[in-house]
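Work through the exercises below with the model at hand. Each task is followed by a stepwise solution.

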Amino acid sequence: MTTTATSMAFADDTPISPTAVVQAQLDAYNAHDVAALLAIYADDAQQFQHPDTLLATGGAQIGPRFAARFAASLPQARLLNRIACGKLVIDHEIVTSVTPAGSSTQELVATYEVEHGRIARAWFSFA
């Protein structure tokens, strides 16, 4: 696999845009695949509650956050809108969670910064 500053490529050098990286993240999230998510996030990635509350750093913290979320509620994210500009990708989503107590929905905006073909930073804003 080869990489550039804002896109990654498969072994055959087919480039993958930041938008494709974020779509792979959404697909892995909806599949509840923690290993796939960790492969998409940079080793030293950071997640924030917008604007600057640090939620997790690196796979050792990000992986357990995803695992706990998936175990608690089987969330499914539905993309409403996506904006891409360079290495930034902004998703407007509705996440539906199902628990033994019932289901709930949460509207959010997720901003992803993609560097070297992986998510380096992510900010989450909840409605």
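The exercises cover confidence, the sheet, the aromatic pairs and one glutamine.

This is a predicted model, in which local features need pLDDT of at least 70, side-chain atom pairs count only at pLDDT 80 or more, and totals for chains, interfaces and linings use all residues. Residues are numbered from 1 along each chain as its sequence is written, and side-chain values use heavy atoms, with hydrogens and water left out.

**Exercise 1.** State the mean pLDDT of the protein.

Step 1. pLDDT is the predictor's confidence in each residue, from 0 to 100.
Step 2. The mean is 91, and 88% of the residues reach 70 or more.
Step 3. Residues 1–11 have pLDDT below 50.

**Exercise 2.** Give the strand order of the open sheet and find its edge strands.

Step 1. Helices (H or I, at least four residues) and strands (E, at least two) are DSSP runs, numbered from the N terminus; two strands pair if DSSP finds at least two bridges between them.
Step 2. Six strands make up the open sheet in the order 4-3-8-7-6-5, and the pairing is mixed.
Step 3. Strand 4 (53–57) and strand 5 (76–85) each pair on one side only, which makes them the edge strands.
Step 4. Strand 3 (residues 41–49) and strand 4 run antiparallel and are joined by four bridges; Gln 46 has Thr 57 in strand 4 as its bridge partner.

**Exercise 3.** Describe the aromatic pair of Tyr 29 and Phe 70.

Step 1. Rings of Phe, Tyr and Trp (its six-membered ring) pair if their centres lie within 6.5 Å; planes under 30 degrees apart count as stacked, over 60 as edge-to-face and the rest as tilted.
Step 2. The structure holds six aromatic pairs. In the pair of Tyr 29 and Phe 70, the centres are 5.4 Å apart with 70° between the planes, an edge-to-face arrangement.
Step 3. Tyr 29 belongs to helix 1 (residues 18–30) and Phe 70 to helix 3 (residues 58–73), so the pair ties together parts that are 41 residues apart in sequence.
Step 4. Ring pairs also link these two residues with Tyr 41 and Phe 66 into a cluster.

**Exercise 4.** Is Gln 25 buried or exposed, and what does its side chain contact?

Step 1. Buried means under 20% relative accessible area, exposed over 50%, partly exposed in between (1.4 Å probe, protein chains only).
Step 2. Gln 25 lies in helix 1 and has a relative accessible area of 4%, so this residue is buried.
Step 3. A polar contact is a pair of N or O atoms within 3.5 Å; within protein, one must be able to donate a hydrogen and the other to accept it, and residues adjacent in sequence count only if both atoms are side-chain atoms.
Step 4. The side chain of Gln 25 makes such a contact with the side chain of Tyr 112, at 3.3 Å.

Methods:
Contact = heavy atoms within 4.5 Å.
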